[in-house]
Structure formats: structure tokens, C-alpha cells
Amino acid sequence: MALDVQSVRYVAPVFTPRDDEGRVNFDIIPRYVEYLISNGVQGVLIGGSAGEGILQSNKERIAVAQAFIRAVRGRMTVIVHAGGVNYSDTKALCERFSDMNEVDSIMLSAPMFYPYFNYTTFLDFLVEAGIACQDKPVLYYHFPSLTRLEYDIVGTIATLKKRLPNFVGLKYTADNENEYKKLVELGVKIFLGFPSMTLVGAKIQKREVSFITGTTNFANGLMLKIVDSALKEDILKAKDLQNDLDKLMSKIVVEKELMASLNYVMEIIGIPMGPPTKPLGDLTKQQKKMMKDNLDEYASECHYLDLLDDNIIPDDVIVNNETGSLFSLVLHIGIFSAIVCSFKR
């Protein structure tokens, strides 16, 4: 049974699988969902920045959300992103998603492209969109390096908490530790969006730390181990593992092609994502070889591979895996097959 948005901690911002022609590959979605569930992931964010929602039409975003909901079958928390570049589309998505019983929460974001705006109008926009979500819990997506908007996020969240009855928290995709601490003091739900904040989050929020980060798709085990080590106050090990996670991301992203790189990691694992949503481009053959070479180098130096027998799964994370092992890492003849290790329950 799915957790509510206040209780869920490990959420994957799912990618949108496409075929070679750029059409959504709906056939991949059920296998993708089963893979996430078997790896201890508790929820999905559909149509976020990883899912490239703002590059899609409302019709396509709704179809993708429905496909994931059918595959989830009530076993995961479902969060859908309704943010976009204009108010009417955002409001229409909020109204449509609010009518879906399977949707547990709706996420809003600032309109992208224009880096300057009237702050009062911006707040009014969020409140009006949040009201259109009816009784669905509302999350805000804070991603200043993408939106290029500069504003007081702590004050914004405090205001939304007062003005919007169904507002519950945010996805914090930034790396300001002091700002993060102030948000924690507000008592709202916080999902960390940068994998580099995993150890920081574990030290500050302890067992309440929650994530919606792209690495949850393929390195959930490593993130769990960082949190587990921090909770056991083994900070040296936690720092080593955080360094491993940071190195992993640096090895994966080839020549700043973030989305194409993340899609290709999933293909290596066995979940073909195809090319990103246009106008984003795919990796060349040379870039794909570069990533494999980078990952071979990573595998030879990371601490993570020394932890195969550790019992890392927190008691409150339910894993659907009949074989007793949670993750698999297959490194064979220089090909990186998965970025998750085989741990015993």
C-alpha cells in the first residue's frame, strides 16, 4: 500500500521513455515501475524536470501520468508535476490531476524562461494554482539554478503555508545548508533534490530526510547507505560514500548532456529510455563510450563495492523482493550494467 506524501521518503523522479522516433514508449513503463519497486523506491514524481514535463503538451503529460498510475497499481506514492510556462496550462493540469483518485500530491513550479517577475503576482499564481488542486496536497518545486529566479524561498514557503490550506512542503533542489535548516524549522515536508545533499540531509533531519532526486532511479542503495551510516554516527564512512555518489554523478554526465546521460544510464541497467524529449538531444556513440569508460573507472575506485554484505535497508523501507537481495551490480568485461549493489536483507 502506498504511503501518503508526508510519510514517503524515497521518490524517483521518473524519466519519460521514448522510441527512436520520439514517441512515448508506454510499453516500457510497467517494467520500469517494477524495477523501482524492487529497488526499494517508495514513490514516483511524474513530469518533473527528469520527466521533461514542461517540454510536453498537456495531453501528453496526462497520458504519461495515466500510464504510470496504471503500472503502479496503488503500490507507490504518486506525485505529479503540473508546473509549466503559462498559467492556463498549469491550472488545467491541476484540475485534471485533482480528479484522479490515484494521485497523492500535485507539485507546482515557477514559470521558467523569464528570470524577472513581480513577486506578489508570482505568489498569487501559486495560490490560485494550488486552489485548483482542490483537496490534493500541494508541493512546491524550488530549483533556482534552472528557473533562474532569485527570491526568499524561506519566506515564500512560510507565506504559502499561511495562504494555501492544502500546501504541505517542497522539493528543495539547491545546496544552501543554512537555507535548508530554516526550511526544516518551518515544519513542512522537504524532499531534497540534489544528491550532493544526501549526507547533509541525514545529519539535519535524521530519519525524516526524504529525497526526490534522479539518482534514486539507479543509486537508491548508495543513498540509503549514506543515510544509514550517518544515523549510526559513522560519519567517516558516510563522507566516503557521499564522495562516491558525487563522483558517480560526475562520471555519468557526459559533456553537460544531463538528460541524455541519465537516460543512457537507465538503458545500461536494462530499462531503455530512448532519446530525451525534443529539443533535447541524445548522446552520440562516442559520448556513450565515454560514459562507459568513466563508469569503469568509477567502479575501480569507489568504496561502495566493499559493502556487499552490509545490511543497509532501514526497517521502515519495505522492499518487494522474494529472493532476499535488494540490488544488483554487474560489472562484466568493462560494461557497467547497474549502479546498485547486491545487499542481503
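**Strands, crossovers and helix packing**

Student: What makes β2 and strand β3 (residues 77-81) a pair?

Tutor: Four bridges join β2 and β3 in the parallel sense. Pairing needs at least two bridges, so β2 and β3 count as paired. Keep in mind that this is a predicted model.

Student: Which residue of β3 is the bridge partner of V44?

Tutor: V78 partners V44 there. In the other pairing, A12 stands opposite V44 in β2.

Student: How do you know that strand β1 (residues 10-13) pairs with β2?

Tutor: Count the bridges again. Three of them link β1 to β2, and the strands run parallel. At least two are needed, so the pairing holds.

Student: Why is the link from β1 to β2 called a right-handed crossover?

Tutor: The chain leaves β1, passes through helix α1 (residues 29-38) and reaches β2. With the strands pointing away from the viewer, a clockwise path over the helix is right-handed. The β-α-β crossover here is right-handed, so its path runs clockwise.

Student: Which way do the side chains of β2 (residues 43-46) point, and are they buried or exposed?

Tutor: G43 and L45 point one way, V44 and I46 the other. All are buried, which means under 20% relative accessible area.

Student: What are the distance and angle between the axes of α1 and α2?

Tutor: The axes come within 9 Å and cross at roughly 55°. That makes α1 oblique to α2, because under 35 degrees would be roughly parallel and 65 to 115 roughly perpendicular. The crossing of α1 past α2 is right-handed.

Key: Residues are numbered from 1 along each chain as its sequence is written. This is a predicted model: local features need pLDDT of at least 70, side-chain atom pairs count only at pLDDT 80 or more; totals for chains, interfaces and linings use all residues. Side-chain values use heavy atoms; hydrogens and water are left out. Buried means under 20% relative accessible area, exposed over 50%, partly exposed in between (1.4 Å probe, protein chains only). Helices (H or I, at least four residues) and strands (E, at least two) are DSSP runs, numbered from the N terminus. Axes are lines fitted to C-alpha atoms, for helices over the stretch in contact, and angles run from 0 to 180 degrees between N-to-C directions. Angles under 35 degrees count as roughly parallel, over 145 as roughly antiparallel, 65 to 115 as roughly perpendicular and the rest as oblique. A crossing is left-handed if the near helix is turned anticlockwise from the far one by less than a right angle, and right-handed if clockwise.
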